[in-house]
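Here is a set of questions on the contacts between chains. Each answer puts a value beside its definition and concludes.

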Amino acid sequence: MAERFDVRRQRGFSLVAALCFALLYLPIAVLVVFAFNAGPSVARWEGVSLVWFEKAMANEAVVEAALRSLTIASFAAVCATVLATLAALATTRVARPYRGLALKYTLINQPLVVPEIVTAVALLIVFARVKVWTGYSGLGYLLLAHTAFCIPFAYLPIRARLESMDLTLERAAADLYATPWRTFVHVTLPLLRPAILAGATLAFVISLDDVVITEFVKSGGQDTLPTWMLGQIRRSTSPEMNAISTGFLAISVVVVVVFFLSSRKRA
Amino acid sequence: MTTSRILPLVAATLLATSAGAALAAGELQIYNWGNYTSPELIEKFEKTYDVKVTITDYDSNDTALAKVRQGGHGFDIAMPSHNYLPIWIAEGLVLETDPGSMENFGNVAPEWRDPEFDPGRRFSVPWAWGTVGVVVDTDDYKGDINTWKVVFDPPEELKGRINIVPEMNDVIYAAIKYHGGKNCDGDLEVLKKVRDTLVAAKPHWVAMEYNTIDKMVAGDFAATTDWNGSALRQRLQKPSINYGYPVEGFAYWSDNVVVLKDAKNVENARLFQNFVMDPENAAMISAFNRYANGISGSEAYMPDDMKDAPEVVVPEAFRGNAEFSRTCPPEVQDLYTRIWTDLQK
Amino acid sequence: MTAAAEHGTGQPLAAEAGRRAEVRARWLLSAPALLVIVCGAVGPLAVMGVYSFLAPGPYGDVVWRFSTDAWVSVLLERDIFDGTLSLADAHLSIFWRSTWLALATTVLALLLGFPTAYFIATRPARTRDLWLLLVTIPFWTNLLIRTFAVLQIIRNEGVVNSLLLATGLVERPVQILFTDAAILTGMVYVYLPLMVLPLYASLERLDFRMVEAGYDLYARPRDVLLCVILPLAKPGIVAGSILVFIPALGAYVTPTILGGGKNMMLGNLIELQFGQGRNWPLGASLAISLMALVTAALLVYVRSTGGREAAHG
């Protein structure tokens, strides 16, 4: 029997796709493999060793920066998700667009369309002045900045879910004499849960990843892991970088895979 | 991963690590050049005074000045170079801690006790001093390296493999000397030649980066302007890398520890200033960054490879070509800044 | 909320009052988010706009004196020595480099990403998720790590040069790092997933019956690709291009690490003004210029999708 003609096949596409995947993973693979290299350079393989991992973990600055990153990311993710949920509820399923709705959309999505460097220097300008006025130079500025740019990332999935959500269940609840509050807590929220989780995860990773805004806003001793790494790369490449990158990579992969698996089960 | 599961995880991690981390009595935020502070020194200081030290680094005097000037930085200690220190003092950025009357001041070498840039040492303490010169990998170039020609009018072998450390005043000084000018020269004729030389040389440079040690050793660069201690660290890793003292004229510099006016941990900062004037500690600093320090008695503790390294001990033949660079008057400094930004393309 | 309100079938007056209450409730709900965004993102942009009309202070910061120097300096400069006014070569070449690098990144990402997205979209449903996961993992990896990884590959002691030297193809390492090519490589690598994901979203919904119809009409695969698939995938192509072009235009980390401080892009030029350049107003005006470029790109996007997306925000 002759091979069935597949309308989906395009010549060369599979090859390019394979190339693309290979290119996507090659640099990361090199990083991970050489993290276990006994020698410091990627030019020579000098045997397997965990020495760089040990050095990285013993490095107080690294551990501290990592913890700070996690703290800020957790805070930003939680706050941004809560605020984004409220904002999503407020801006979706509108019977008739009211004044200011378009403005709200623009404002909420603003961090997505403005390049990070622009926001970073703007924040530098404002916070520098505020720091001098108030004398406060703690983590507050970083927390505020991170929450602000995480909001649109949390907002989008929640909004998408709300828009496509069917009102029947909520109407049914109302028919059964449930107050708006009870309807919200017992019907809407559970239906929104996957989207809220998606938004929170997205916000968490985006905050964890942030380099530019944190680099400009931070005060002394407030390095996050990415800014610490940036400083190292610019001013003194240490061979631990491969190991630290691998560790960071592992965290990201774990988060993504867990999220992926949990969302699959739901589907 | 619900948020309700993330928080306990974070809390547990924090708890686990903070149990081991130093619950120190105090803190100290140091703002220093990158790759310049001895980890052993910091460890010793932390243990001696039960203080948790955090170091943030910078890569040029201008960056440091800009950061501190804008306020709200959170640092206690900084290390401006001698030619910037008068600016810091004039701008009111440093605290008068009077190191001249501190316990260890007696160890400061006589020639460093009353410098032009901080008379009577009311603000600063010497950290390290050295020269600015040229570093070349002699595997790539066998000619004379004791000239600024290496970077400003490079030989064929080096074209496209040169780095310039972006310390503005060092580079402008070098170019001025290359054209026979003087310290803080404001002569427009000379400066025009300086600007033109720099702009013409730039296509032959491959980068303008601070991180020279790893990149020279790894072969990403074949030559660079650099400070002598950095050159020594490179030679120790790759013997073919040599330091050149340009005959047209090169500069001495000295970095100094100051306490910042809006420091939050003034007491600890003062302790640190005193701490680095101790000969053993000064030797620790030098052993790491490979620069000479201004503390008498530290020679006894210094590593052997520094004792007669050509990078540290300026050879007799070249000593006449050296002088300390200076803080230039504002109009001249302004010209230099404009030439420098002209160069950024 | 809407459900409850829609239930009311009362008189117009009561409905009007109910509607006003609803609008008020909506404003209240969105207020915290809006407040945070205004304080932490939008407000500072306005302040920066103000700063662009001030004069630079001697060692950074500003002097509160009105001056349009910052805006003039974006495009024009006065020669230090003969005072002649001319186009600011330095700035213009950086604008140009940023634009063409961002465009090149977008095109390369498209050329690599389209087949990849198509490939994933045409996998059987069971494995499709897995392929998608494989594409998103690099996306979720820190930008810095990915750029550092590229550094390790292209530097003189890196993987590429080691291979070239080992196979004897070259005698000395090829200088790849610190060139525009290095920045381009880094950016394509970093932004590729951002191109693949929207393309995939678009291609997944592709109705292959159209494709089949094309073949039924004796079209060749090449024609089917160009005349059927690409036009249908256009929303995805435009979305992906925007998602790549905008961050690429404002890139900062990648040119810093891979450009060596010599090949500056707009992001680096802006940062310079807040450091060694000591000219905050100029930094502010350059940042606003960058935003203007980005907005122009976005307008192109809105126009090309016929404003359909705009209605949904």
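Q: How many residues of chain C are in contact with chain B?
A: The model is a predicted one. In it, 33 residues of chain C touch 43 residues of chain B. Contact here means heavy atoms within 4.5 Å.

Q: What is the area buried between chain C and chain B, and what do carbon and sulfur atoms give?
A: About 3200 Å² is buried between chain C and chain B. Carbon and sulfur atoms give 53% of that area. On the side of chain C, Tyr59(C), Phe81(C) and Gln276(C) lose the most area to chain B. Together these three make up 26% of what that side buries.

Q: Why is the meeting of Asp79(C) and Arg195(B) called a salt bridge?
A: A salt bridge needs a side-chain nitrogen of Lys or Arg within 4 Å of a carboxyl oxygen of Asp or Glu. The side chains of Asp79(C) and Arg195(B) meet at 3.4 Å, N to O. That value is within the 4 Å cut-off, so the pair qualifies. The count between chain C and chain B is four salt bridges. The same interface has 11 residue pairs in polar contact, both residues at pLDDT 80 or more.

Q: Which elements of chain C give two or more residues to the side that touches chain B?
A: They are β3 (76–78), α4 (89–121) and α12 (253–259) of chain C. The largest share, five residues, comes from α4(C). By class, this side of chain C divides into 12 nonpolar, 10 polar and 11 charged residues.

Q: What is the area that chain A and chain C bury between them?
A: Chain A and chain C bury about 8600 Å². Carbon and sulfur atoms carry 75% of it. In this interface, 93 residues of chain A are in contact with 91 residues of chain C.

Q: What makes Asp61(C) and Arg129(A) a salt bridge?
A: Their side chains meet at 3.0 Å, N to O. The limit is 4 Å between a nitrogen of Lys or Arg and a carboxyl oxygen of Asp or Glu, so this pair counts. Across the interface of chain A and chain C the rule finds two salt bridges. The count of residue pairs in polar contact there is 10, with both residues at pLDDT 80 or more.

Q: Which helix gives the largest share of the side of chain A that touches chain C?
A: Helix α1 (residues 13–35) of chain A does, with 15 residues. By class, that side of chain A has 63 nonpolar, 15 polar and 15 charged residues.

How values were computed: Residues are numbered from 1 along each chain as its sequence is written. Chains are lettered from A and ligands numbered from 1 in the order in which they are written. This is a predicted model: local features need pLDDT of at least 70, side-chain atom pairs count only at pLDDT 80 or more; totals for chains, interfaces and linings use all residues. Side-chain values use heavy atoms; hydrogens and water are left out. Buried area is the accessible area (1.4 Å probe) that two parts lose on being put together, summed over both. A polar contact is a pair of N or O atoms within 3.5 Å; within protein, one must be able to donate a hydrogen and the other to accept it, and residues adjacent in sequence count only if both atoms are side-chain atoms. Helices (H or I, at least four residues) and strands (E, at least two) are DSSP runs, numbered from the N terminus. Ala, Val, Leu, Ile, Met, Phe, Trp, Tyr, Cys and Pro count as nonpolar, Asp, Glu, Lys and Arg as charged, and the others, Gly among them, as polar.
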